[in-house]
Amino acid sequence: MLCLGELARILSTCAHLLLSGDDHDYCEYIHPPYSYSPVERSSPVREVTVKSFSIAMGIKRPGFHLLSLHPPTVTSSKNMLDAPCLLPNQSGDHKVGAEP
């Protein structure tokens, strides 16, 4: 998660999504509306901590975050979709070779 000073500066803008990184796990947090001078936010801001892509340090299921941006349409004002994506288990428990 971001430090308070960075968070105050970002939330005082028109941010809709905050992305941060972690060396292990995925996390999602909704920042409540804040009132910072001179801008007041009336809607919450979602922060997503992206999971590590590395298999180092015992991470069994590395992953990444898929983000799709597109211009708003007449039928929908939503222009952003995102989802966490996990890779297969990397623990080495995979069977090698064929069973007799």
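Q: Why is Leu69 called exposed?
A: First, keep in mind that this is a predicted model. The relative accessible area of Leu69 is 61%, and exposed means over 50%, so Leu69 counts as exposed. You'll find Leu69 in strand β4, which covers residues 63–69.

Q: What makes Leu19, Leu67 and Leu69 a patch?
A: These three leucines form a nonpolar patch on the surface, with about 290 Å² of accessible area together. To join such a patch, nonpolar side chains have to lie within 5 Å and residues need over 30% relative accessible area. Leu69, at 61%, clears that cut-off.

Q: Which elements does the protein chain have?
A: There are 1 helix and 5 strands. Read from the N terminus, the order is α-β-β-β-β-β.

Q: What makes Asp25 and Lys51 a salt bridge?
A: Their side chains meet at 3.8 Å, N to O. The cut-off is 4 Å between a side-chain nitrogen of Lys or Arg and a carboxyl oxygen of Asp or Glu, so the pair of Asp25 and Lys51 qualifies.

Q: Are Asp25 and Lys51 buried, exposed or partly exposed?
A: Lys51 has a relative accessible area of 15%, and buried means under 20%, so Lys51 is buried. Asp25 comes in at 48%. That value falls between the 20% and 50% cut-offs, so Asp25 counts as partly exposed.

Q: How do you know that Arg46 forms a salt bridge with Glu28?
A: The closest N and O atoms of the two are 2.8 Å apart, and the rule asks for within 4 Å, so Arg46 and Glu28 form a salt bridge. Arg46 belongs to strand β3 and Glu28 to strand β2, so this pair ties together parts that are 18 residues apart in sequence. Glu28 itself is partly exposed, with 40% relative accessible area.

Q: What makes Arg46 and Asp82 a salt bridge?
A: For these side chains the N to O distance is 2.6 Å. The cut-off is again 4 Å, so Arg46 and Asp82 pass. Asp82 has a relative accessible area of 22%, so it is partly exposed.

Q: Which residues are linked in a network of salt bridges?
A: Glu28, Arg46 and Asp82 are. Arg46 bridges to Glu28 and to Asp82. By this rule the count comes to 3 salt bridges.

Q: Why is Ser20 called buried?
A: Its relative accessibility is 15%, and buried means under 20%, so Ser20 counts as buried. Ser20 lies in strand β1. Not counting residues up to four places away in sequence, Ser20 touches Glu47, Val48, Thr49 and Val50.

Q: What are the edge strands of the open sheet?
A: The sheet has 3 strands in the order β1-β3-β2, with mixed pairing. Its edge strands are β1 and β2, since each pairs on one side only.

Q: What makes β1 and β3 a pair?
A: Two strands pair if there are at least two bridges between them. β1 and β3 have 5 bridges, in the parallel sense, so they pair.

Q: Why is Pro84 called partly exposed?
A: Pro84 has 43% relative accessibility. That lies between the 20% and 50% cut-offs, so Pro84 counts as partly exposed. Pro84 is part of strand β5. Leaving aside neighbours within four places in sequence, Pro84 is in contact with Tyr26, Phe64 and His65.

Conventions: Residues are numbered from 1 along each chain as its sequence is written. This is a predicted model: local features need pLDDT of at least 70, side-chain atom pairs count only at pLDDT 80 or more; totals for chains, interfaces and linings use all residues. Side-chain values use heavy atoms; hydrogens and water are left out. Helices (H or I, at least four residues) and strands (E, at least two) are DSSP runs, numbered from the N terminus. Patches are made of residues with over 30% relative accessible area and no salt bridge: like charges are joined within 9 Å, nonpolar side chains (Val, Leu, Ile, Met, Phe, Trp, Tyr) within 5 Å. Accessible areas come from the Shrake-Rupley method with a 1.4 Å probe; for residues, only the protein chains shown count as cover. Buried means under 20% relative accessible area, exposed over 50%, partly exposed in between (1.4 Å probe, protein chains only). Contact means heavy atoms within 4.5 Å.
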